[in-house]
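Biologist: I would like to go through the labels attached to this model one at a time. For each label, please give the value, the cut-off and the conclusion.

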Amino acid sequence: MASTLGRYRSPKKPLSSLLTRVTFIILFVILFALFSMGLVRLYALGEYAVAIVCLIVGLSASYITLNKRLVAWRFLYPALLLIFLMMLFPIVYSVAIGFTNYSSKNLLTYERVVNYHLEQTYAEKKQRFKFQLYQADNQYQITLNDGSGLWLQTPFLTLNQPLDKATEAGPKRAIPLAVISAAPSGEPLAMRDVIKLKAQLKTLALTRDNEPDLMMYGFREFLPLLPRYEIKQPDNLPMAERPNEFLYDNQDKRYLQADFNNGFYTYLNDAGEMTEKTLSPGFVTHVGWKNYHTIFAMDEDRKNLAKVALWTVSFALLTVLMQFSLGMLLASLLNWHRVKGQRIFRTLLLIPFAVPAFISIMIFRAMFNSEFGDVNALLEFLFGMRFEWYFNPWLAKLQVLLVNLWLGFPYFMLLAMGMLKSIPSDLYEAANMDGAGTWYKFRFITLPMIIKSLTPLLIMSFTFNFNNFLVIALLTRGGPRMDDATVLIGETQLLINYIYDLANGSVLGYQAYGLASALSGFLFLVIASISLWQFWLTREKSPRSELQEH
């Protein structure tokens, strides 16, 4: 038997297994090369955060795929990756933006802003070249005269081709100029024909040897095109600590310095001090806690922002209280044995929950119209009065609460109906024998039996209404506006609506992404704290902890 075991040899691996391994290695190398090229491209575009995330995801996926000991993680990794990409990464990215001045005024990186300014040009109006346009068949020729006897001419060009937006906004078409002895013979084109070709002529840059290019100016002239800005160090200031920190405006004859606190190139006065005049576009820079300081120290608007925060909390609390109270009342009535046709009433009361919310809100917006709404028509018919629902701050808030009550009470009614069915009827029978009233039974039997199960749902509803963007955006659009506010801020705005208006430019006149992200970070801390409080309230106690309490 020993000799038999000694002569045993392991079977050779089939050829198909070897081909599979080779194919896998080749595909892995190709994917790795493409992945590396993508990372280099992202880094070159300045998308450092996205490049880092892609690098982490790629390395972790490769490690889990190639490591045989992590077979189980191959099934968990896609779910964890989705959680990271869909939840954690947006939160981290938003918080990071909150420490920058990222906005519609500061969109580009510092390097791209420098290159943009260096590409700007201006026309030197002191030296003018009158031009004439000649046509030969389907081609055109430009002849220029500087007024001192110098004649320049282009080769024959094709100008009657239609232009698209990319061609008009793209780089100029360089056309060389040649010196000629005199003006060519023949009649130049009339002004009306030149005007027809103006768009095509604007795309030309007439080049000369060691001279600035010439660009069309008006309808009969070409002017030298000079660089507007250049990198230049002022003599009366110390050497720049960062590259390209100083620019010189060749047209205005003034120096500019990069202000890394605000993210703009700022013009300097004769003493080398920064003025209030800045050069757009700006660049993205790290501003530290400046956005958070702006939120909590907004001078004139600090009180108004505090009003928005107070209204947000009040709106969420009042909404939960009103929806729970009405839902509980209706559930108790439908659970009463004396009420006939419970199924019909239950179906009718579930209609607000079945209809899409935005449709109900738009209907209510029309009903609360001050001039033609049904609500004012009914109030005028019954009591002879009309209300300005969208112009009075208190009425606008009342309107929002009533509409949100309509949208949310069926949810709590369904919950309460299910919980009331689970309460033993023996408790109510014993209370009836003791002569207990309706309020006593609700306070000492019904509420204690359901409150523990309802508490997490109440907190969840509070969290949802804390960020209830839709009802404000569609119903009142945040209005009416606060009279004493220096920026656009409304009486019924929630914090989430205010953040949205900051991001779309309605508040400050420009899209303040950094400030909106900082406020979003603060709002996230509030919601996270409420969620942690919810987990603490609903935590399961171990048997040991229960014994220690007793």
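Predicted model: local features only at pLDDT ≥ 70, side-chain atom pairs only at ≥ 80, totals over all residues.

Biologist: What makes β3 and β4 a strand pair?

Modeller: A pair needs at least two bridges found by DSSP. Seven bridges join β3 (residues 129-136) to β4, and the two strands run antiparallel.

Biologist: Why is β4 called largely enclosed?

Modeller: A residue is buried under 20% relative accessible area. Five of the seven residues of β4 (residues 139-145) are buried, so the strand is largely enclosed by the rest of the structure.

Biologist: Why is Tyr292 called buried?

Modeller: Tyr292 has a relative accessibility of 14%, and the limit is under 20%, so Tyr292 counts as buried. Tyr292 lies in helix α9 (residues 290-296). Setting aside residues up to four places away in sequence, Tyr292 touches Gly98, Phe99 and Ala518.

Biologist: Which values describe the separation of Tyr292 and Gly186?

Modeller: Tyr292 and Gly186 are 106 residues apart in sequence, and their C-alpha atoms are 71 Å apart.

Biologist: What makes Leu407 buried?

Modeller: Its relative accessible area is 15%, and buried means under 20%, so the label applies to Leu407. Leu407 is found in helix α15. Apart from neighbours within four places in sequence, Leu407 is in contact with Phe353, Ala357, Ser360 and Ile361. For Ala357, 50 residues away along the chain, the C-alpha separation from Leu407 is 6.9 Å.

Biologist: Which residues of helix α19 (residues 495-504) are buried?

Modeller: In α19 they are Leu495, Asn497, Tyr498, Ile499, Asp501 and Leu502. Gly505 follows α19 with a positive phi, near 95 degrees.

Biologist: How many aromatic pairs are there?

Modeller: Counting ring centres within 6.5 Å, there are 23 aromatic pairs. One of them is Tyr102 with Tyr513.

Biologist: Why is the pair of Tyr102 and Tyr513 called tilted?

Modeller: The ring centres are 5.2 Å apart and the planes are at 35 degrees. Planes under 30 degrees apart count as stacked and over 60 as edge-to-face, with the rest tilted. Tyr102 lies in the loop between α4 (73-97) and β1 (106-108) and Tyr513 in helix α20 (residues 513-537), so the pair ties together parts 411 residues apart in sequence. Tyr102, at 28%, and Tyr513, at 24%, are both partly exposed.

Biologist: What makes the pair of Phe387 and Trp389 edge-to-face?

Modeller: The centres of Phe387 and Trp389 lie 5.7 Å apart and the planes are at 70 degrees, so the pair is edge-to-face; the cut-off is over 60. Phe387 is partly exposed at 27%, whereas Trp389 is buried at 6%. Phe387 and Trp389 belong to one aromatic cluster with Phe364, Phe368, Trp406 and Phe409.

Biologist: How do you know that the charge of Lys105 sits over a ring?

Modeller: The charged end of Lys105 is 4.4 Å from the ring centre of Tyr510, and the distance limit is within 6 Å, together with an angle within 35 degrees of the ring normal. Lys232 likewise lies over the face of Tyr248, at 4.5 Å from the ring centre.

Biologist: How many cavities of 30 Å³ or more does the structure hold?

Modeller: The structure holds one. The largest cavity has a volume of about 40 Å³. Its lining consists of Ala331, Leu334, Asn335, Gln342, Arg346, Met417 and Lys421. The elements that give two or more residues to this lining are α10 (302-334), α11 (342-349) and α15 (393-421).

Conventions. Residues numbered from 1 in each chain as written. Heavy atoms only, no water. Buried < 20%, exposed > 50% of the residue type's maximum accessible area, 1.4 Å probe, protein only. Helix = DSSP H or I, 4+ residues; strand = E, 2+ residues; numbered from the N terminus. Contact = heavy atoms within 4.5 Å. Phe/Tyr/Trp six-rings, centres within 6.5 Å; stacked < 30°, edge-to-face > 60°. 1 Å grid on protein atoms, 1.4 Å probe; cavity = no way out; pocket = protein on both sides within 12 Å on 5 of 7 lines; lining within 4 Å. Points joined across faces, edges and corners; volume = space filled by probe spheres on them.
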